[in-house]
Amino acid sequence: MADSDDVFAIRFHETGGPEVLVKEPIAIGDPAPGQVRLRHKAVGLNFIDTYFRTGLYPVELPGGLGNEAAGIVEAVGAGVRDFVSGDRVGYFTGPVGAYATHRLVDAARLVKLPDGISSEQAAAAMLKGCTAEYLIERCARVEVGQWVLVHAAAGGVGSIAVQWLKAIGANVIAHTGNEAKAAIASGLGADVSLNCPMEELSAAVPEATDGEGVPVILDGVGAASWNASLASLARRGLLVSYGNASGPVPPFDMLELMRRGSVFVTRPTLFDYAATPEEMRASAARLFDMLQSGNVEVRIGARYPLADAAEAHRALESRQTTGSTILLV
Ligand SMILES: NC(=O)c1ccc[n+]([C@@H]2O[C@H](COP(=O)([O-])OP(=O)(O)OC[C@H]3O[C@@H](n4cnc5c(N)ncnc54)[C@H](OP(=O)(O)O)[C@@H]3O)[C@@H](O)[C@H]2O)c1
């Protein structure tokens, strides 16, 4: 394909703030065996992108960003049987480098987008929604009637998780950083919506759960919520610490888990729960069912041109976003 100004990626040559992101022309060749060439329509913005950019998760430099995008198949390499030119597809398990107008991707990473799911919806929902899927259904295995505390409940993963939990019959305590976000979480169906300081959270939770504490906590905030989450758990409860939005959880004393009531802690990642093409596609199929049945609605809070990715990072890291943010190509 012809290279031009229209074919570019957002890359970084050093780790740091959003200012390290630069727009660079790229050359895309023909797909190798097993690959397809994609023209992206929309790219998902995820908090993990900021971890790579800052160096919290080390990558080789110069590097690209982004694990998730949706678009159109332009060409297929030898041996690719499941996809043809013109197919609408998406991916959400990397490899890193989705902040680009075009890309070569292994066909094994792709899912076909069902009719009725737009590229924008797919880029907004796949990574965050499949995270909600595995956290709720395969990691915590939440049961009907169980209370679940969801941090950052108006955010990308959080807003999908609240709706998902309600759809399967769980009870949700949502925690958010301000009143407007608490109202969003209530609108998503949360039974209790709190926006108190973290230090006050464990006192508010027993009130909602008849003094028991919560059996499951979904915590993507990390450092800032760690103590509040531990203090809010029910005896033998499970703290699923799945993110570092406020920084990584510092090292802790194992005996603390005993003192808090023989509690469990896990620190999972999507990349282990969608490790094979079969797991990845099963997770996506479950998500698409949830979206198409109307049980879960993906809310796109903001759209930025791909070239303005740095602006989108600033908004995400300063807690200004709600729902999903996408980068448009
Ligand atoms: N392990 C996995 O498999 C996996 C997969 C996907 C995402 N994640 C993690 O899930 C979390 C959510 O990701 P997302 O992309 O959906 O982001 P997001 O929830 O839309 O944005 C992060 C939210 O975290 C809260 N937050 C609290 N303290 C913060 C701070 N100091 N700085 C920034 N944000 C802070 C804010 O909500 P409030 O203002 O309401 O507190 C903020 O809006 C991230 O930690 C991400 O790494 C993990």
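1. Start with Y134. One of its polar side-chain atoms lies 2.7 Å from an oxygen atom of the ligand. That pair falls under the heading of polar contacts (N or O atoms within 3.5 Å; within protein, one must be able to donate a hydrogen and the other to accept it, and residues adjacent in sequence count only if both atoms are side-chain atoms). The protein buries 91% of the 910 Å² that the ligand exposes when taken alone. Accessible areas follow Shrake-Rupley with a 1.4 Å probe; for residues, only the protein chains shown count as cover.

2. Basis of the values. This is a predicted model, in which local features need pLDDT of at least 70 and side-chain atom pairs count only at pLDDT 80 or more, while totals for chains, interfaces and linings use all residues. Residues are numbered from 1 along each chain as its sequence is written, and side-chain values use heavy atoms, with hydrogens and water left out.

3. Backbone contacts. A polar backbone atom of G156 is 2.8 Å from an oxygen atom of the ligand. For V157, a backbone N or O atom lies 2.8 Å from a ligand oxygen atom.

4. The shell. The ligand is surrounded by 27 residues, and Y51, Y134, K181, G220 and L270 are the closest. Near here means that a heavy atom of the residue lies within 4 Å. By class, twelve are nonpolar, eleven polar and four charged. Nonpolar covers Ala, Val, Leu, Ile, Met, Phe, Trp, Tyr, Cys and Pro; charged covers Asp, Glu, Lys and Arg; the others, Gly among them, are polar.

5. Elements around the ligand. At least two shell residues each come from α1 (47-54), α2 (119-139), α3 (156-167) and α10 (309-317). α2 gives the largest share, three residues. Helices (H or I, at least four residues) and strands (E, at least two) are DSSP runs, numbered from the N terminus.

6. The ligand sits in the largest pocket; that is, more than half of its atoms lie within 2 Å of the grid points. A pocket is an open set of points on a 1 Å grid over the protein atoms alone, with protein on both sides within 12 Å along at least five of seven lines; lining residues have an atom within 4 Å of a point. The largest pocket holds about 930 Å³ of space.

7. The lining. It comprises 42 residues, with F47, Y51, A152, G220 and A245 nearest the pocket centre. α1, α2, α3, α8 (270-273) and α10 each give two or more. The largest share, four residues, is from α2.

8. Backbone points to check. L61 and P62 are joined by a cis peptide bond, omega about -5°. P62 is in the loop between α1 and β4 (63-64). The bond from G94 to P95 is also cis, with omega near 0°.

Notes. On a 1 Å grid over the protein atoms alone, a cavity is a set of points where a 1.4 Å probe fits but cannot get out, and a pocket is an open set with protein on both sides within 12 Å along at least five of seven lines; lining residues have an atom within 4 Å of a point. Grid points are joined across faces, edges and corners, and a volume is the space filled by probe spheres set on the points.
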